Amino acid sequence: MNTKTVIKEDAMWLQKELINRNYHELATAHEQGRKVAATFVPGNLNELLMCFDFARSLPETNALQNAMRKKSGKMVLDAERDGHSEDVCTYVKADLGMMLGGEKGPTGEALPRPDVLLLSYTGCFTFMKWFELIRQKYDCETTMLHVPYQGDGRINPSMREYVVKQLKEKVIPTLEKVSGVKFDIDRLRSYMRESQKAEDDLVAVLQSAKQRPSPIDGYFGAVYYIGPIFTAFRGVPEATRYYEVLKQEVFERLKSGKGPVTPEGDHPGEKYRLVVEGPPNWTSFREFWKMFYDEGAVVVASTYSKVGGVYDFGFRHDAERPLESLAEYCLGCYTNLNFPQRIDMICRYMDEYQADGLLINSIKSCNSFSAGQLLILREVEKRTGKPAAFIESDLVDPRYFSAANIKNGLESYFQMIKQKTKAPQTAAPTAAVAA
């Protein structure tokens, strides 16, 4: 594999600085007299946690950051040696393995023991078991925000009221007790005003991919773009500034007719436009991405880039309705949508972004994404007439990334797209490859 210097946009380097800064703030939180909250990315209540001066740790982000630094393989094995099954989500095992290894975080600094676990439950049952295990280890305060599943495909008033009631009666009192800080709703409103600015600019960036050529990659590039807003920076001025810089940078590329930036420089030229469903593989992230741009493929939209908020369909945090807005945010997360909603979303992306096909990366240990993906694939093919492919890998376990199998499958899929654009068929065949 090419080992030369990785090329990144200025905004990507800025994102890295923000993420690393958060790890340093976490490492020094207790000595600075700050309490630490651990919470998850989908449905995270970052603005609310900041009202109580908590430093914020996000376990999935810790796992993927360790994976991109080639540290997660040993952590997963350590967790399995400690008794956890091969079928358990590898984010969980990487997190538990990090604890077993002395709590050293992705940047090498030790992560602190959390003072409170905030579980905002948005469709992933694994999160509940994960926090049970962490609570057993740390014996710390735990509070849960139960978010009803959108079984019938909509948010009704009683669902919103149910979540707001929990915020008022359970979550906020617990955060006040642990932090010793009194809740100030005006402070929450101020953070939400910053969130809305960042959300507006993020949507503008993601929707720039509707143009030809797309100035961004909406999957591999987008995981950098979503980092600040999906983690510990939504609601702070630094995130607002980050998205201003990012938008300016992307629109300059759009104006110049340039494609995305890849780890080896400018994209060689857009041949195929894809929509991707499912998370990426983090242990071989650069190698995985290279398989796409070597073939001239650009991902113009992805579902994973919406896992921490589906902003491109209109949601914004609303400072005039702060608690109701938090409830609607949690209720509308991608993992909390039913299958018809997910299929509608993907079909809309296929149409609006003029995609040539759908690619599903099925993650071995992630049931929240992988359950029902074949159903999604067949229905999208039926409704759009576009070809689809199905590959398999894993989140942060290097044992389940077979580069040769995935590369062969992608090459076959791109050939299928090429043939279909030359001679349209009545039914779109499915390319499936097991990694």
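Asp 139 counts as exposed, at 68% relative accessibility. Colleagues, I begin with this residue; please keep in mind that we are looking at a predicted model. Asp 139 sits in the loop between helix 6 (125-138) and strand 4 (141-146). Its phi is near 50 degrees, a positive value in a residue other than glycine.

Lys 70 also has a positive phi, of about 60 degrees, although it is not a glycine. This residue belongs to the loop that lies between helix 3 (59-68) and helix 4 (72-81), and it is exposed, with a relative accessible area of 62%. As background, most residues other than glycine have a negative phi, and most peptide bonds are trans.

That brings me to a cis peptide bond, which joins Arg 212 and Pro 213 with omega at about -10 degrees. Pro 213 is in the loop between helix 8 and helix 9 (222-225).

Let us turn to helix 8 itself. Helix 8 (residues 185-207) packs against helix 11 (residues 237-256) at an angle of about 20 degrees, and their axes are 9 Å apart. The two helices are therefore roughly parallel to each other, and their crossing is left-handed. Among the residues that meet are Leu 202 and Val 205 in helix 8, and Tyr 243 and Phe 251 in helix 11. By class, this contact has 10 nonpolar, one polar and five charged residues.

Beyond its neighbours within four places in sequence, Trp 282 contacts residues including Leu 64, Met 68, Tyr 91 and Tyr 304.

Key
Residues are numbered from 1 along each chain as its sequence is written. This is a predicted model: local features need pLDDT of at least 70, side-chain atom pairs count only at pLDDT 80 or more; totals for chains, interfaces and linings use all residues. Side-chain values use heavy atoms; hydrogens and water are left out. Axes are lines fitted to C-alpha atoms, for helices over the stretch in contact, and angles run from 0 to 180 degrees between N-to-C directions. Helices (H or I, at least four residues) and strands (E, at least two) are DSSP runs, numbered from the N terminus. Angles under 35 degrees count as roughly parallel, over 145 as roughly antiparallel, 65 to 115 as roughly perpendicular and the rest as oblique. A crossing is left-handed if the near helix is turned anticlockwise from the far one by less than a right angle, and right-handed if clockwise. Contact means heavy atoms within 4.5 Å. Ala, Val, Leu, Ile, Met, Phe, Trp, Tyr, Cys and Pro count as nonpolar, Asp, Glu, Lys and Arg as charged, and the others, Gly among them, as polar. Buried means under 20% relative accessible area, exposed over 50%, partly exposed in between (1.4 Å probe, protein chains only).
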